[in-house]
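Below is a brief report on one protein model and its ligands. Look at the structure, then read on.

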Amino acid sequence: MSNAEQPTRSRRLVSPSPEETHRLGVKLGQLLQPGDFVGLIGDLGAGKTHLVRGVAEGAGVAQSEVASPTFAIVYPYEGRIPLYHADLYRLTDYDELYATGFLDLVGGDHAMLVEWLDRIPQAAPRDFLRVTLRHEGEDARSLDVEAFGARPAALLDAWLG
Ligand SMILES: Nc1ncnc2c1ncn2[C@@H]1O[C@H](COP(=O)(O)OP(=O)(O)O)[C@@H](O)[C@H]1O
Ligand SMILES: [Mg+2]
């Protein structure tokens, strides 16, 4: 499992505000290509969905489309490229994930943003970008960004250069 491997490349940064996290998301969204998979990890309120909103904006998705995927496992967005926003919070194991059809989407011709990837790490493909957010006080969040594979490493470089 790639999740246990050493990342190809990693970066750590601190976002001092929601606005900065949003800006980072927009930039990532501008860079996403079909096939990219971004896993988001962090406690409730860490900023996963906040970052995804920025990504969706950067990818050209109408902001009215972007919700927290509370009731469904996966939400499709139509932007510059097709984008899926998933939340694994309510799932308990790989079998349950399998039953949702989520796995059929992985590796498809779209980008994927997956909150709570740590719930089911096997949901990730071999190559992916992993972003771990942590509270660093009221309005600051650290982002640990780890790229597994060549394309994710290039994406990380282009994003945070
Ligand atoms: N630096 C920051 N980056 C992102 N969100 C922040 C930051 N500082 C404060 N926040 C706030 O934290 C909350 C994050 O919520 P949300 O993105 O829904 O978290 P999650 O999806 O991880 O549960 C939002 O209310 C946001 O305004
Ligand atoms: Mg969320």
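## Shell around ligand 1

The residues around ligand 1 divide into three nonpolar, seven polar and six charged. Here Ala, Val, Leu, Ile, Met, Phe, Trp, Tyr, Cys and Pro count as nonpolar, Asp, Glu, Lys and Arg as charged, and the others, Gly among them, as polar. In total, 16 residues surround the ligand, and the closest are Thr21, Gly45, Lys48, His50 and Asp139. A residue belongs to the shell if one of its heavy atoms lies within 4 Å of the ligand.

This is a predicted model: local features need pLDDT of at least 70, and side-chain atom pairs count only at pLDDT 80 or more, while totals for chains, interfaces and linings use all residues. Residues are numbered from 1 along each chain as its sequence is written, chains are lettered from A and ligands numbered from 1 in the order in which they are written, and side-chain values use heavy atoms, with hydrogens and water left out.

## Backbone contacts and burial

A backbone N or O atom of His50 lies 2.8 Å from a ligand oxygen. For Gly47, a polar backbone atom is 3.0 Å from an oxygen of ligand 1. For Ala46, the corresponding distance is 3.3 Å.

Taken alone, ligand 1 exposes 570 Å², and the protein buries 76% of that. Areas come from the Shrake-Rupley method with a 1.4 Å probe. Two elements, α1 (18-31) and α2, each give two or more residues to the shell. Helix α2 gives the most, with three residues.

Thr49 lies in helix α2 (residues 48-58) and Glu115 in strand β5 (residues 111-115), so the pair ties together parts 66 residues apart in sequence.

## Overall fold

The protein has five helices and seven strands. Helices (H or I, at least four residues) and strands (E, at least two) are DSSP runs, numbered from the N terminus. Their order along the sequence is β-α-β-α-β-β-α-α-β-β-β-α.

The radius of gyration is 14 Å, close to the 15 Å that the globule rule gives for 161 residues, so the protein is as compact as a globular protein of that length. The radius is taken over C-alpha atoms, and the rule is 2.2 Å times the number of residues to the power 0.38. Of the 161 residues, 49% count as buried.

Definitions and conventions:
Polar contact = N/O pair within 3.5 Å; in protein donor to acceptor, adjacent residues only side chain to side chain. Buried < 20%, exposed > 50% of the residue type's maximum accessible area, 1.4 Å probe, protein only.
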